[in-house]
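Let's take a walk through this one together. Keep the viewer open and follow along.

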Amino acid sequence: MIAGRLRVSILWMLVAASASAFGQGSDAKVRVDGAWARRAAMLTGVDAKAGSGSGAVYATLVNPGKESDALVGAESEAAAAAEIHESYQESGMMMMRPVQRLDVPAGKKVEMKPGGYHIMLLNLKRDLTAGTVVKLTLQFQNAGKVPVIAEIK
Amino acid sequence: MNRGLLAFLPLLVLALTAGAAETPDLRTGVFKPPRPAPDFSLRGSDDSELKLSRYRGKVVALGFGYASCPDVCPATLFFLAQAKEKLGAAGKDFQVIYVTVDPERDTPERLRKFLAAYDPTFVGATGAPGQLADVRKAYGIQISTQVPSEGNPSVYYVHHSSFVYLIDRGGNLRAMMPFGVSVDDIAHDVKALLSP
């Protein structure tokens, strides 16, 4: 019984070690660094049509590999939907538009930050309270699903 | 570009050229000479009347935005809240007033909850669409409403000018801060205006 458990443990250690070696290899996949979200209140009120408010998550997408990748989608436990958006200036106004894909070229980083690219959380399901976290899954074209924990500031 | 903004442009140009040398004490964009902030009376997020001139004696940051805005408005409010925290006890005379550009969705209650996530002392203002349009005109604020998806018309954005005005204790416009000014610079300028 104990020997069996030991064998299972060793097997898992080998799996973990090979996974980690793979992650640092030349075909390393995109990773998500420094994810954070801004505190925001869930807005419930008299008019349900107005929605329950939105939030934004920012992170740096790092592609250490030799192949380009792209962020193509997102979801979060804290919101009814999550979309990739870009804020930009035009004629002195801050505008915002949904983005279908955010390219992360090989060997490059893409920083998402206030006033630029962000993951918009639509219709919050709860308050985003400073000091806690929000969980997301980012969908990349090549790297697939990447779980992310964003610290709420 | 509307007439309200056009009226401000020469002042801003003057500020950027002359103001930099003669008024080095503000970093975020200077009005020189200062001009009285147009007064207005709207409905406050505490459900009482909100009249700008009642805030004489305080330094006011006046911004425009809406509660459903995910990025730029919350970032602006977040920076203002951090600047206020930096001021410590002196921050009690710094008042943020946030005027909605989306009165259809932003009830006083909704604005109150939205703002309280950043600082419970921040006050919101709403009103009839015509009243709000007059205030925007007086301050040169432009808006443009966009529905990104025809299938879901209840989701829409209100693009808007994102600068924030600083108004001194005497009710005069002193600075027009573009989006992205650092927390340190906001705190610096508010402190300068709070100093007797």
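This is a predicted model: local features need pLDDT of at least 70, side-chain atom pairs count only at pLDDT 80 or more; totals for chains, interfaces and linings use all residues.

Residues are numbered from 1 along each chain as its sequence is written, chains are lettered from A and ligands numbered from 1 in the order in which they are written, and side-chain values use heavy atoms, with hydrogens and water left out.

Start with chain A. Its secondary structure comes to one helix and ten strands; helices (H or I, at least four residues) and strands (E, at least two) are DSSP runs, numbered from the N terminus. Along the sequence, the pattern is α-β-β-β-β-β-β-β-β-β-β. Of the 153 residues in chain A, 43% are buried, where buried means under 20% relative accessible area, exposed over 50%, and partly exposed in between (1.4 Å probe, protein chains only). Take the contacts in chain A between residues at least 6 apart in sequence: 69% of them join residues at least 24 apart, a contact being heavy atoms within 4.5 Å.

Now find strand β10 (residues 144-152) of chain A, which runs parallel to strand β1 (residues 31-37) of that chain, with two bridges joining them. Strands count as paired if DSSP finds at least two bridges between them. Here Trp36(A) stands opposite Glu151(A). Strand β9 (residues 133-140) of chain A also joins β10(A), through eight bridges and running antiparallel. Leu136(A) faces Val148(A) across that pairing, and β9(A) and β10(A) form a hairpin with three residues between them.

Next, zoom in on Met94(A), in strand β5 (residues 93-98) of chain A. Is Met94(A) buried or exposed? It is buried, with a relative accessible area of 5%. Leaving out residues up to four places away in sequence, Met94(A) touches residues of chain A, including Tyr88(A) and Gly115(A), and residues of chain B, among them Val72(B), His159(B) and Phe179(B). Gly115(A) is 21 residues from Met94(A) along the chain, and their C-alpha atoms are separated by 8.1 Å.

Over in chain B, an open sheet of eight strands has the order β1-β10-β9-β4-β5-β6-β2-β3, with mixed pairing. The edge strands, β1 (30-36) and β3 (49-51) of chain B, each pair on one side only. Four bridges join strand β9 (residues 164-167) of chain B to strand β10 (residues 172-177) of chain B, and the two run antiparallel. In that pairing, Leu166(B) stands opposite Ala175(B).

Finally, look at helix α2 (residues 72-87) of chain B. At 1.5 Å a residue, its 16 residues should span 22 Å, and the end C-alpha atoms are 23 Å apart, which agrees; the expected span is 1.5 Å times one less than the number of residues. The helix is mostly covered, with 13 of its 16 residues buried. Just after α2(B), Gly88(B) takes a positive phi of about 60°.

One disulfide turns up in a search of the whole structure, over all chains; the cut-off is a pair of cysteine sulfur atoms within 2.5 Å. Cys69(B) and Cys73(B) form a disulfide, with their sulfur atoms 2.5 Å apart, and both cysteines are buried. The torsion about the S-S bond of Cys69(B) and Cys73(B) is about 90°, so the disulfide is right-handed.
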